[in-house]
Amino acid sequence: MRLTEELRRALRVTVDYTNMTDKYLGDRGISQKVLDAHKKLAKEAHASVAANRGKDELFMGWTELPYNQGEIVEDILATAKEIRRKFDYFVVLGIGGSALGPTMAFNALCHLHYNDLPKSRRKGPKFFVEDNVDPVRMKELLDVIDIRKTCFNVISKSGATSETMTQYLIISDLLAKAGENVKDHVVFTTDAARGNLVKISKELGGVKSFVLGDGVGGRFSELSPVGLLPAAVVGIDIKLLLKGAAYMDKLCKTADLRKNPALLSATLQYIAMKDGKNIGVLMPYSDNLRYLSDWYAQLWAESLGKNKTLDGRPCNVGQTPVKALGVTDQHSQVQLYTEGPFDKVVTFLSVDSYKEKSPIPHGCESIPDVAFLGGHTMEELIRAENKATAYALTKAGRLNYTIHVPEINEFTLGQLLFLFELQTAYAGAMLGIDTFNQPGVEAGKKATFALLGKPGYDGQRAELDNAAPDPAYLV
Ligand code: PA5
């Protein structure tokens, strides 16, 4: 795709916040006065994010990913080409920030039944992301791949995540038993020096490895080798993805709330949160974007769910992300959104032009309930249902806004990723918290170490044993 300025403008992702305003929601909407009253806070959040850009020590290295990976991208493209040449299967082993991005990009930009297509119609090997330690899932993955023809991308910043390293132990054992050299079947994506995978790489005699920079946390890592290598393997244009991110970054340079889509979204969400809207629904009207909600859920939840401010004051903030899919969840959750508690903000992701239109043939002429559909397209239907749901929510006084995606491609996906990342950084700054740590996740990781007897966790093991369920409460 040759990106002229005109094309960039045509493919620009935009935010329409009409249905958040009192003009359309009456007393339940946000007035201009309230928005104006938050301008100063928004400006400060914008300044704080701008001042901390690129600072590894503050985990803000991700802001520079669209700009500082020239050589890395070339290395990724060459490695992906080699993987495509040598292997029939590509399996990502990772969890959380190391898995949600690769799954999301694959689903957004590849055929929805990619793995079922014949080899001639796929741009790369069959693709899997294994992000759980469900023993059944592991066994059944092994039923459908041939490990001798598989490349495993082990993605772990620490190399100490029990889930990922368990998977690694299993596949390296199987590869060795199959007479294969483990080193030839793995690519590591990890910390430059500190992670255990660095040690393992040395032991194996130097595994092809990519670095996850110090200032890039898991949930902000999709535009680093964490996401770029898996994407390149299945033929996604990673340079265009990065260009999309850079374009959104440029749009968000201004501190003017009305011109900066990420700052506007963050401010609207902040105002809503302060008003008790503790649930944020992300509802893409696109199967291709359904896993964007999973990726976003981690970004928003892990970044904003905190119990103290940066200056140490206790707080319990955050907004619970809920994943919904249009139109599927119209027949499941939308009843609650329309008539349940006033505790949600619904964000629609609307696609202006789908890559398929799927005309609906005429038929069933004697049945008016069905006949009216003939002559339209499925694109018209899904877009109409999206508009109708936004209208119904607005009529019911429910806060909702729409992110318009002109079409789904690498350039627009890159914009969306950066939009949400910046939105999260701004919202965290407004809440005055550390957006980039995850002490709550670490606590669970440590408790698992204790339960499985990792040395050094005996104290916690005793505590956990004492917390065994009281039989008196079992029914
Ligand atoms: O966002 C995060 O930081 C987490 O979700 C991590 O990505 C996840 O816990 C995996 O950690 P690691 O990359 O060290 O294996």
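User: Let's start with charges. How many salt bridges does a search of the whole structure find?

Analyst: The search turns up 26 salt bridges. Keep in mind that this is a predicted model. The general idea is to look for a Lys or Arg side-chain nitrogen within 4 Å of an Asp or Glu carboxyl oxygen. Take Asp-249 and Arg-53: their side chains meet in a salt bridge at 2.9 Å, N to O. That pair ties together distant parts of the chain, 196 residues apart, with Asp-249 in helix H11 and Arg-53 in the loop between helix H4 (39–52) and helix H5 (70–86).

User: And the domains? Which residues go to domain 1 and which to domain 2?

Analyst: Domain 1 comes in two pieces, 5–55 and 240–431, while domain 2 covers 69–236. Their C-alpha centres are 30 Å apart. Where they touch, domain 1 puts in 24 residues and domain 2 puts in 20.

User: What is the area buried between domain 1 and domain 2?

Analyst: Interface size is often quoted as the accessible area that is lost when the parts come together. Here, the burial between domain 1 and domain 2 amounts to about 2,000 Å², and carbon and sulfur atoms give 69% of that.

User: How many salt bridges and polar contacts does the rule find across the interface of domain 1 and domain 2?

Analyst: There's one salt bridge across that interface, plus five residue pairs in polar contact, both residues at pLDDT 80 or more. On the domain 1 side, helices H11 (238–251), H13 (290–304) and H17 (410–431) each supply at least two of the residues touching domain 2. H13 gives the most, with nine residues. Sort that side of domain 1 by class and you get 12 nonpolar, five polar and seven charged residues.

User: Now the ligand. How many residues surround it, and which are the closest?

Analyst: For a ligand, list the neighbours, then check polar atoms. Here 14 residues surround the ligand, and the closest are Ser-156, Lys-157, Ser-158, Thr-161 and Gln-298. Ser-156 has a polar side-chain atom 2.6 Å from a ligand oxygen. For Ser-98, a polar side-chain atom sits 3.3 Å from an oxygen atom of the ligand. Lys-445 also takes part, with a side-chain N or O atom 3.2 Å from a ligand oxygen.

User: Last one, backbone geometry. Which peptide bond is cis, and what is the phi of Phe-59?

Analyst: Read omega for the peptide bond and phi for the residue. The bond from Gly-326 to Val-327 is cis, with omega near 0°. Val-327 lies in the loop between strand S10 (320–323) and helix H14 (334–339). Phe-59 isn't a glycine, yet its phi is positive, about 60°. You'll find Phe-59 in the loop between H4 and H5.

Terms used: Residues are numbered from 1 along each chain as its sequence is written. This is a predicted model: local features need pLDDT of at least 70, side-chain atom pairs count only at pLDDT 80 or more; totals for chains, interfaces and linings use all residues. Side-chain values use heavy atoms; hydrogens and water are left out. Domain bounds come from an automatic or database domain assignment. Contact means heavy atoms within 4.5 Å. Buried area is the accessible area (1.4 Å probe) that two parts lose on being put together, summed over both. A polar contact is a pair of N or O atoms within 3.5 Å; within protein, one must be able to donate a hydrogen and the other to accept it, and residues adjacent in sequence count only if both atoms are side-chain atoms. Helices (H or I, at least four residues) and strands (E, at least two) are DSSP runs, numbered from the N terminus. Ala, Val, Leu, Ile, Met, Phe, Trp, Tyr, Cys and Pro count as nonpolar, Asp, Glu, Lys and Arg as charged, and the others, Gly among them, as polar. A residue is near a molecule or strand if one of its heavy atoms lies within 4 Å of it.
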